[in-house]
There are 2 protein chains.
Amino acid sequence: MVVTFSRISINCDRLDRHLAELAEIGKLPNGGVCRLAFSDADVQARSLIKTWMLEAGMTVRGDAVGNIIGTYAGTESGAALATGSHIDTVPVGGRYDGCLGVLAGIEVARVFHENQFRLRHPFEVIVFSDEENSVIGCKAIAGNASTDSERYRRKDGTPIQDCLAKVGGNWEALSSAKRDRHDIAAFMELHVEQGGVLEALDKQIGVVTGIVGQYRFMVQIIGRPNHAGTTPMTMRKDALVAAAQLVLAINHLGMLGNGEQVATVGYLKVSPNATNVVPACVDLSIDLRDLSEENLQFMIAQIEQECQAIAKNTGTEITIEQKLHVLPTLAKTELMAVIEKVCQELKLSYTHLPSRAGHDAQEIGRFTDMGMIFVPSREGISHSQDEYTSPEQCAQGANVLLHTLLAIDHCYP
Amino acid sequence: MVVTFSRISINCDRLDRHLAELAEIGKLPNGGVCRLAFSDADVQARSLIKTWMLEAGMTVRGDAVGNIIGTYAGTESGAALATGSHIDTVPVGGRYDGCLGVLAGIEVARVFHENQFRLRHPFEVIVFSDEENSVIGCKAIAGNASTDSERYRRKDGTPIQDCLAKVGGNWEALSSAKRDRHDIAAFMELHVEQGGVLEALDKQIGVVTGIVGQYRFMVQIIGRPNHAGTTPMTMRKDALVAAAQLVLAINHLGMLGNGEQVATVGYLKVSPNATNVVPACVDLSIDLRDLSEENLQFMIAQIEQECQAIAKNTGTEITIEQKLHVLPTLAKTELMAVIEKVCQELKLSYTHLPSRAGHDAQEIGRFTDMGMIFVPSREGISHSQDEYTSPEQCAQGANVLLHTLLAIDHCYP
């Protein structure tokens with residue numbers, strides 16, 4: 001691949017101003033942002049995004065699931081080079097998660113527009129619907145959305161049909177949102193890391209190697225509720241002792257091998273949970289993530305063995321139920337190489353790392369080439385009012401996005 | 001000591017009938033009993049007990065904390081031989097816990113009365129107030145009740161003054177309830193085991209070696225709440241991993257040595273307790289019980305060392321707060337020997353065991369000679385509608401009580 005550099009650069013102040021302006025919509029008293037998908041705040045933010053896309057010289061359309069697709073025409077037609085992310089937040093979110101990717105994409109188009117420049121390829125900025133919950137936006141584009149509308153009903157009971165109608169979509173036309181690699185030749189997403197690796201390594205840019213696959217299990221351990229005073233240790237079936245063994249075994253599995261995988265027990269509930277009763281039952285979650293599906297399978301086999309051994313030595317019954325499985329998506333090697341080259345040319349320090357959080361790129365990468373650029377999150381904090389990435393760091397990421405797009409414009413037919 | 005045997009025996013059917021009749025007061029739809037101390041049901045049950053005491057030829061008085069003291073006069077005056085227990089229950093209790101000790105005591109008096117027999121010593125049956133919660137009844141007799149009335153305020157806000165007035169007591173006269181070994185020469189309590197040791201060993205009678213001391217601690221482990229996806233294992237401060245190590249260390253301590261001690265983590269709460277967040281904080285309880293205060297101190301020292309080591313290897317902060325300390329009370333060796341001898345004469349199988357639950361005898365044993373007799377609890381279940389000890393087992397325990405009293409009547413001046 002040939003990498004060409006131009007002198008053009010994104011406008012750091014403008015990008016920062018737009019991040020701040022978007023964060024006013026759904027702003028919380030504590031400084032965080034609450035802009036749940038399909039809420040009034042989401043609708044208001046979508047309207048602002050469309051205005052900015054039009055200002056940047058793009059045409060704007062929506063699809064059946066409310067994804068907003070801004071297109072900056074290329075000198076040629078055909079498959080687009082695309083970027084994008086999301087503008088919905090968790091109940092108490094920050095201003096960077098998702099928004100940076102969307103606003104950096106629009107900023108790139110704006111810079112092209114100001115410089116009266118066009119890529120060969122059409123350039124798309126996509127705002128995906130509901131990344132923080134159902135991921136229906138990217139899944140519909142990948143053709144992987146469920147056709148069971150009940151699966152998308154909101155916690156408050158609102159049907160997905162109403163949600164989509166509110167943002168200009170149409171549940172009945174769900175399948176029309178599907179696209180393929182003839183529509184999108186490559187997808188490049190800029191995102192804050194949401195972890196502390198870049199900060200710890202003092203690197204400016206993360207070249208994402210892929211988005212990890214994930215398994216989630218719920219484990220139930222059944223022991224026997226006995227009086228904690230009157231029941232000798234040898235006559236107990238202590239569900240918490242069994243759970244403690246499992247927690248340590250899972251943590252140990254996370255430490256094995258190349259250390260890229262993570263294994264977490266984040267949720268654990270004891271019953272009856274009284275100081276003077278031997279625990280009768282423990283429910284706990286297991287969350288496993290790795291780029292290697294093979295390694296994930298290995299970890300699961302190990303956990304199953306551990307559960308059998310623990311059940312035996314504690315006299316408990318242990319059942320495991322799979323709750324979630326997401327396949328890993330690897331970044332395209334050639335796109336990683338381009339990002340790396342761009343970092344070198346821009347004199348930005350970088351490191352390779354997997355994304356251990358899900359992103360819209362995970363679904364888009366299932367049908368076309370995918371790359372991701374990370375910028376540091378202060379103290380690794382995300383999904384919080386304390387989420388922070390400096391204006392310079394945001395601009396550095398956006399510039400890497402800009403120059404990567406310029407570079408790959410020559411690589412795709 | 002000299003043990004003398006008479007042919008007299010308690011009436012099995014009558015004892016069983018009285019247990020059933022008492023269980024009607026506060027009976028729950030599920031078959032359990034709810035007769036909280038100072039409730040209307042408690043007042044009603046107290047009235048029935050007094051009637052039965054009078055029928056058994058006893059004089060009845062109440063003290064300042066509402067303890068009911070039934071006295072069957074001896075051929076001599078002076079210090080009494082006493083028995084007793086409680087008739088209050090936990091919110092869902094059974095019909096044997098406490099009640100067996102009270103009703104067996106009254107049954108013994110009734111048998112004496114029917115046989116126109118008197119011990120040398122006055123014989124007392126004491127119904128202690130509120131064993132299941134504040135243990136104010138036995139504590140006041142031992143002179144160990146707090147003089148801070150706020151410590152005895154009920155969960156529903158009722159002042160202890162009102163509670164005591166309701167059962168004929170008087171908070172202002174608290175100190176008048178105190179007694180000493182010149183009043184009670186020996187105290188013998190019959191109780192259901194509330195554990196599964198006798199059943200497991202297939203023994204009819206438990207010769208209690210003492211009532212264990214108890215420590216209770218609350219531990220707080222502070223880690224760091226990180227995204228379970230994006231935070232590499234090596235960058236975590238996982239409070240639950242630390243807690244799991246501590247749970248296993250505590251369980252291990254319970255298994256050491258002679259195996260008489262118990263060590264339990266019955267309560268454990270994780271924050272924020274979400275599948276995708278590395279646990280930031282864990283609160284857990286530690287309950288330690290043993291007959292040996294020295295061994296309890298050793299266990300505490302071990303736990304403190306473990307906490308330091310765990311805090312270091314997990315990057316967490318661990319604080320321990322003592323919530324409860326009850327000193328052990330040993331049974332009088334000579335009384336244990338008499339119970340043993342009685343079992344042999346009555347051809348009842350027996351074993352020695354500590355009581356790992358608290359009893360009124362624990363406080364009474366602080367100022368006078370104390371002995372306890374256990375009968376089996378089916379499946380070790382107590383504090384439940386499923387609590388069960390057969391009529392024959394109840395009668396066996398009551399007969400051991402009767403004959404032990406006959407025997408020790410000659411041993412005390």
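This is a predicted model: local features need pLDDT of at least 70, side-chain atom pairs count only at pLDDT 80 or more; totals for chains, interfaces and linings use all residues.
**Entry: the prolines**

I started with Pro272(B), which lies in the loop between E10 and E11 of chain B. Its bond to Ser271(B) is a cis peptide, and I read omega as about -5 degrees. Then I went to chain A. There the bond from Ser271(A) to Pro272(A) is cis too, with omega near 0 degrees. I find Pro272(A) in the loop between strand E9 (268–271) and strand E10 (281–290) of chain A. Worth a jotting, since most peptide bonds are trans.

Next I looked up Phe38(A). Its phi is positive, about 70 degrees, although the residue is not a glycine. I placed Phe38(A) in the loop between helix H1 (12–23) and helix H2 (40–55) of chain A.

**Entry: chain A overall**

I counted up the secondary structure of chain A and got 11 helices and 14 strands. Its radius of gyration is 23 Å, close to the 22 Å that the globule rule gives for 413 residues, so chain A is as compact as a globular protein of that length. The C-alpha trace of chain A spans about 80 × 45 × 40 Å along its principal axes.

How is chain A divided into domains? The assignment gives domain 1 as 12–211 + 328–408 and domain 2 as 213–326. I put the centres of domain 1 and domain 2 of chain A 36 Å apart, over C-alpha atoms. For the contact between them, I have 7 residues of domain 1 of chain A against 8 residues of domain 2 of chain A. The domain 1 side of that contact in chain A splits into 3 nonpolar, 3 polar and 1 charged residues.

**Entry: a helix pair in chain B**

I turned to helix H1 (residues 12–23) and helix H11 (residues 391–408) of chain B. They pack at an angle of about 110 degrees, and their axes are 9 Å apart. Angles of 65 to 115 degrees count as roughly perpendicular, which makes H1(B) roughly perpendicular to H11(B).

Who meets whom? From H1(B) I list Cys12(B), Leu15(B), Asp16(B) and Leu19(B); from H11(B), Pro391(B), Glu392(B), Cys394(B), Ala395(B) and Ala398(B). By class, I get 7 nonpolar, no polar and 2 charged residues in this contact of H1(B) with H11(B).

**Entry: the two chains together**

How many residues does each chain bring to the contact? I find 49 from chain B and 49 from chain A. On the chain B side, the elements that give two or more residues include helix H6 (197–201), helix H7 (239–255) and strand E12 (281–290). H7(B) gives the largest share of that side, 9 residues. Sorted by class, the chain B side has 22 nonpolar, 21 polar and 6 charged residues.

Notes: Residues are numbered from 1 along each chain as its sequence is written. Chains are lettered from A and ligands numbered from 1 in the order in which they are written. Two residues are in contact if their C-beta atoms, placed from the backbone, lie within 7 Å. Helices (H or I, at least four residues) and strands (E, at least two) are DSSP runs, numbered from the N terminus. Ala, Val, Leu, Ile, Met, Phe, Trp, Tyr, Cys and Pro count as nonpolar, Asp, Glu, Lys and Arg as charged, and the others, Gly among them, as polar. Axes are lines fitted to C-alpha atoms, for helices over the stretch in contact, and angles run from 0 to 180 degrees between N-to-C directions. Angles under 35 degrees count as roughly parallel, over 145 as roughly antiparallel, 65 to 115 as roughly perpendicular and the rest as oblique. Domain bounds come from an automatic or database domain assignment. The radius of gyration is taken over C-alpha atoms; the globule rule is 2.2 Å times the number of residues to the power 0.38.
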